[in-house]
Amino acid sequence: MTPFSKIPPVNIIRIAETDSTNRYLTILCAEQQPPELTTVLADYQTSGRGQRGNSWEAERGKNLLFSTVLRPSFLEAKRQFLLSQIVSLSIKEELDNYGKGFSIKWPNDIYWYEKKICGMLIENDLIGNYISQSISGIGLNINQDRFYSTAPNPVSLKQITGKSQEPELILRSVLNRIATYYVELRAEKTTEITKRYHRSLFRRDGMHPYIDSSGQFTAELIGVAPEGNLILRDESGAERRYAFKEVSYLF
Ligand code: BTN
């Protein structure tokens with residue numbers, strides 16, 4: 001028996017403002033151990049945290065800013081990239097309802113063509129070799145009309161479709177998708193998850209420009225290894241493998 005019935009429980013704590021929903025949920029989990037999929041949704045973050053030490057820009061009340069908790073104590077730390085796969089697939093597949101062009105830019109940004117609509121920050125805690133807690137923090141641009149930060153290529157769902165959406169409805173669908181994938185992960189049905197993740201990757205076909213510590217190069221995407229490393233094949237035919245932050249996409 002999985003811990004979820006067909007319609008998984010969704011416990012959303014909605015708050016007007018916090019520094020960071022990841023931080024808020026981390027503290028809540030330390031104090032109260034709320035059930036899995038407890039989700040903190042904020043209208044505004046004063047200090048939203050992004051990847052690579054960046055901040056996350058989001059206008060008050062316009063976007064989805066949320067964090068949700070899982071406790072996949074069955075999952076070995078070396079397989080933690082599967083969590084990244086299920087969360088990014090849940091968002092990408094929800095966005096597919098709104099049109100074409102959505103993809104997952106390794107490791108877990110969501111893109112619409114060459115523009116970023118969603119970023120996530122997944123923070124895992126380990127006990128021994130297993131994951132005791134995983135907090136996924138997600139910033140999904142929904143109704144914002146203009147972006148002011150230096151982030152290179154942001155876009156919102158409204159800019160793509162011309163229509164406003166109710167963020168919380170999208171959140172509920174995304175959480176249902178995460179819960180469904182989580183049941184599959186728990187049941188070890190990971191082949192299909194990984195296949196779908198690969199099919200959804202940004203720049204899946206053709207040669208594209210990248211940059212690493214030795215400079216620029218052009219390569220095709222071969223795939224993502226189980227531990228999460230990006231595998232590329234450059235113009236000379238050599239295979240290159242990268243951990244997160246060791247390579248950047250060039251636009
Ligand atoms: C990125 O840099 O692409 C990741 C951005 C993650 C932002 C989200 S917004 C909700 C959650 N709380 C945070 O402080 N960060 C994440």
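1. Leaving aside its neighbours within four places in sequence, which residues is K116 in contact with? The list is W56, D109, I110, Y111, N141, N153, P154 and V155, where contact means heavy atoms within 4.5 Å. K116 has its place in strand 6, residues 115–127. With D109 there is also a polar contact of 3.2 Å between the two side chains. (A polar contact is a pair of N or O atoms within 3.5 Å; within protein, one must be able to donate a hydrogen and the other to accept it, and residues adjacent in sequence count only if both atoms are side-chain atoms.)

2. A quick word on what you're looking at. This is a predicted model, where local features need pLDDT of at least 70 and side-chain atom pairs count only at pLDDT 80 or more, while totals for chains, interfaces and linings use all residues. Residues are numbered from 1 along each chain as its sequence is written, and side-chain values use heavy atoms, with hydrogens and water left out.

3. Now the whole chain. It has five helices and twelve strands; helices (H or I, at least four residues) and strands (E, at least two) are DSSP runs, numbered from the N terminus. Its C-alpha atoms fill a box of roughly 55 × 45 × 30 Å along the principal axes.

4. Seven strands form an open sheet in the order 1-2-3-7-6-5-4, with mixed pairing. Two strands pair if DSSP finds at least two bridges between them. At the edges sit strand 1 (11–18) and strand 4 (102–105), each pairing on one side only. From one strand to the next, the twist averages 20°.

5. Axes are lines fitted to C-alpha atoms, for helices over the stretch in contact, and angles run from 0 to 180 degrees between N-to-C directions.

6. Helix 4 (residues 167–186) also packs with helix 5 (residues 190–199), at an angle of about 130° and with the axes 8 Å apart. That makes helix 4 oblique to helix 5. (Under 35 degrees counts as roughly parallel, over 145 as roughly antiparallel, 65 to 115 as roughly perpendicular and the rest as oblique.) Y181, E184 and L185 in helix 4 meet T190, I193 and R196 in helix 5.
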